[in-house]
Amino acid sequence: MHMAMSQYSFYADGACLGNPGPGGWGVVATLGSHEVLEAAGHSPHTTNNQMELEAILQGMTFSLTHLSSNSALKKSKPTLIVLTDSKYAVQGINQWLHNWSRNGWVTQEGRPIANLTEWKRLHALLPDVRTMFTLEMRLVPGHQGILGNERADKLATEYARGSQIPLFSGTKEAFEKKFGGKLEIAEAGIKKLKVPAYYLSYVNGKISRHKTWPECEAEVKGKAGAKYKKVFSESEEADLLKQWGAA
């Protein structure tokens with residue numbers, strides 16, 4: 001289901017509370033095979049699509065900066081794989097952007113395109129990206145337990161909330177140890193991943209994790225105010241605990 005880690009790749013995600021509303025973007029990048037770098041940012045008033053595009057812009061920018069300082073890798077013109085769960089972003093870059101610029105930044109119906117500022121910035125950046133990299137845009141499923149996607153989503157969501165959680169910078173091995181999984185490049189178009197799920201319960205102020213539904217059911221059955229849900233990742237668990245007021 002996965003390819004080996006390439007020299008350059010990054011997961012990008014955006015989030016918005018209200019759409020429009022306060023937003024955030026997050027990037028988890030692998031640079032030069034073993035170096036992992038996270039980046040994130042906040043915008044006080046934006047949309048989800050704008051944050052999806054901003055994450056890709058930022059990931060491309062520091063991938064370029066890193067490659068520019070690495071003369072050995074630069075000569076090989078490595079592949080840069082951009083992994084996002086935004087179909088809008090992938091289609092825009094792969095299919096629509098060239099025609100938009102050629103047609104004066106309007107749709108086929110003559111209407112101004114949405115998110116013009118972000119698309120013009122991408123249009124200006126892409127020639128440099130394609131000169132230095134072989135670019136591949138890859139659409140991956142969100143909330144399916146893919147570590148890079150889950151972590152980028154976590155960064156985007158927390159920064160949208162105004163919570164600037166610490167950003168990771170270090171080796172791929174240290175990243176995997178810290179976040180408990182494999183930082184791999186997901187294949188495009190995965191419909192379903194075999195993700196180990198577990199159940200979370202919250203009863204009388206106590207948080208419990210259960211491997212099976214019968215275990216969880218035994219904990220919550222007949223108890224007033226009990227909460228429970230099936231989760232697929234630590235980031236999903238953290239978000240759920242915040243919703244429950246238990247974080």
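Mentor: Definition first: a disulfide here is a pair of cysteine sulfur atoms within 2.5 Å. Keep in mind that this is a predicted model.

Trainee: OK, how many disulfides does the structure hold?

Mentor: There are 0 disulfides.

Trainee: And Cys216, buried or exposed?

Mentor: Buried, because its relative accessibility is 0% and the cut-off for buried is under 20%. Cys16 also counts as buried, at 16% relative accessibility.

Trainee: Switching to the sheet. What's the strand order?

Mentor: E10-E9-E11, three strands in an open sheet with antiparallel pairing. Strands E10 (206-210) and E11 (227-231) are the edges, each pairing on one side only. On average, neighbouring strands are turned by 20 degrees against each other, direction ignored.

Trainee: Which helix packs on that sheet?

Mentor: Helix H7, residues 213-220. H7 touches E9, E10 and E11, and its direction makes about 5 degrees with that of E9.

Trainee: How many bridges join E9 to E10?

Mentor: 5 bridges, with E9 spanning residues 198-203. Tyr202, for instance, has Ile207 in E10 as its bridge partner.

Trainee: New topic: Trp119. Where is it found?

Mentor: In helix H4, residues 116-132. Trp119 is buried, with a relative accessible area of 0%.

Trainee: What does Trp119 touch, leaving out residues up to four places away in sequence?

Mentor: Its contacts include Trp100, Trp105, Tyr88, Leu53 and Ile93. Gly92 and Ala114 are also among them.

Key. Residues are numbered from 1 along each chain as its sequence is written. This is a predicted model: local features need pLDDT of at least 70, side-chain atom pairs count only at pLDDT 80 or more; totals for chains, interfaces and linings use all residues. Side-chain values use heavy atoms; hydrogens and water are left out. Two strands pair if DSSP finds at least two bridges between them. Helices (H or I, at least four residues) and strands (E, at least two) are DSSP runs, numbered from the N terminus. Axes are lines fitted to C-alpha atoms, for helices over the stretch in contact, and angles run from 0 to 180 degrees between N-to-C directions. Contact means heavy atoms within 4.5 Å. Buried means under 20% relative accessible area, exposed over 50%, partly exposed in between (1.4 Å probe, protein chains only).
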